[in-house]
Amino acid sequence: MGALPSVIVSPKGERQLENGLLWVFASDIDSDISKIDTHLVQLRGRNRAFLGLALFNKNSQITARLLSRQNRPIDSAFFAEKIAAALQRRERLMPGRTSYRLIHGEADFLPGLFVDRYNDSLSIQITSWAMEQYRPEILETLDKLLKPKAIVLRGDVQARRKEGLPLTVELYKGAEPVREKCSFGGSVMTIDLLDGQKSGGYLDQIENHERAARYASGRVLDLFSYEGGFALALAPNCDEVWAVDISERALAQLKENAEDSKLTNIKTICADVFDYLEELAGSEETFDMVILDPPALARNKGALKEASNAFSNLAAKAIKVLKPGGILLGCTCSALFTEEMLLTAIFRAARRARNNMALLEVRGAGPDHPVLYGMPQTEYLHAAFWQKE
Ligand code: SAH
């Protein structure tokens, strides 16, 4: 291990590491790193005390990502141990589930590695250049441990750009198409691992789909429905669901999912929600529940205010079409958009619509998407249930 280059972390960076942040930013590095070309380094404090082993990319703003607080070899055995531990946690937390996020990056202590399991197929996202260097060890371990039918590498995530990685989608194992029929609660969803959005589906919302079903009754409006995660879960408990999305492909899949789930009360509407909701708000249509689950509206800090206003505008119209006593579920999926921002945006919308709204509960992603309390960057999904007076 002595051969690994050392990187000196500033006192501020060291404090952040102690407090649970697993990243060292470029501005918190106090030594010359220009000649380091490797992807693994030792982090040391100003007094040269060993702080841990870290993935390293001198060309990234997130220059080091802590991999281990112990000095140990980072090899196939290391990955086998970490991946087996992540699998064990999932099996314990969600017995009986065959589709879940198996590895959630930093929060599973494997920075920049995300693995979603859909039955017998895996969808992998590697978002850091240094982690990408361990791709052979990771693939070998996953293949041995789970013996999947197919492994898809979804390298089409924007975060890769910042790391100097190409945006690509590759089929590492198996044959096209990679489609898995997955069961969640009572509904059946076919996930397309190569062509679907994100890793194929939105596993982070599964528990919220099931929770939302408890509040469903009468007429439900599912805005930004994708392939029907909410619509399918809620339909058995209500008269009808209107599912709105801009993607024809997603809605075609939703219809197939509804058939497979033996549901006949979901209507799909292919439209831009921003225009469609405006239209609805000016009409006589009303609903007992509205779900608002837009894609990430803020990609960077500069866009936050605009994103918050956009969300608030949508929420004001959603409140308008809600019947008295109706439920609004507002979701956001960006680490920059905090829980407080979501609640404030909905509160502002209610005031603007001159309605009283009571907050019922606030939730995050399911336990297969854990959060590091000392690292807010790992907490990105918020879902708030409100009731109109
Ligand atoms: N609610 C879904 C996930 C939604 S992801 C679930 O729980 O599974 C966001 C969705 O918004 C995507 O399906 C995307 O196609 C859709 N979308 C993005 N912009 C849109 C717009 N302007 N109007 C309607 N749908 C949009």
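Tutor: Let's begin with a term: a polar contact is a pair of N or O atoms within 3.5 Å; within protein, one atom must be able to donate a hydrogen and the other to accept it, and residues adjacent in sequence count only if both atoms are side-chain atoms. This is a predicted model, where local features need pLDDT of at least 70, side-chain atom pairs count only at pLDDT 80 or more, and totals for chains, interfaces and linings use all residues. Residues are numbered from 1 along each chain as its sequence is written, and side-chain values use heavy atoms, with hydrogens and water left out.

Student: Which polar side-chain atom lies 2.7 Å from an oxygen atom of the ligand?

Tutor: That atom belongs to His-209. Backbone atoms take part as well: a polar one of Phe-224 is 3.0 Å from a ligand nitrogen, and a backbone N or O atom of Val-273 lies 2.9 Å from a nitrogen atom of the ligand.

Student: How much of the ligand does the protein bury?

Tutor: Accessible areas come from the Shrake-Rupley method with a 1.4 Å probe; for residues, only the protein chains shown count as cover. Taken alone, the ligand exposes 590 Å², and the protein buries 90% of that.

Student: What is the overall make-up of the fold in helices and strands?

Tutor: Both are DSSP runs numbered from the N terminus: helices are H or I with at least four residues, strands E with at least two. Here there are 11 helices and 19 strands.

Student: How do I read burial, say for Thr-332?

Tutor: Buried means under 20% relative accessible area, exposed over 50%, and partly exposed in between, with a 1.4 Å probe and protein chains only. Buried residues make up 55% of the 389 residues in the protein. Thr-332, in strand β17 (residues 322–333), has a relative accessible area of 6%, so Thr-332 is buried.

Student: Which residues does Thr-332 touch?

Tutor: Contact means heavy atoms within 4.5 Å. Not counting residues up to four places away in sequence, Thr-332 touches Phe-311, Phe-337, Leu-342, Tyr-380, Leu-381 and His-382.

Student: Is Pro-324 buried or exposed?

Tutor: Pro-324, also found in strand β17, counts as exposed because its relative accessibility is 69%. Leaving aside neighbours within four places in sequence, Pro-324 is in contact with Lys-388 and Glu-389. The C-alpha atoms of Pro-324 and Glu-389 are separated by 5.6 Å, although these residues are 65 apart along the chain.
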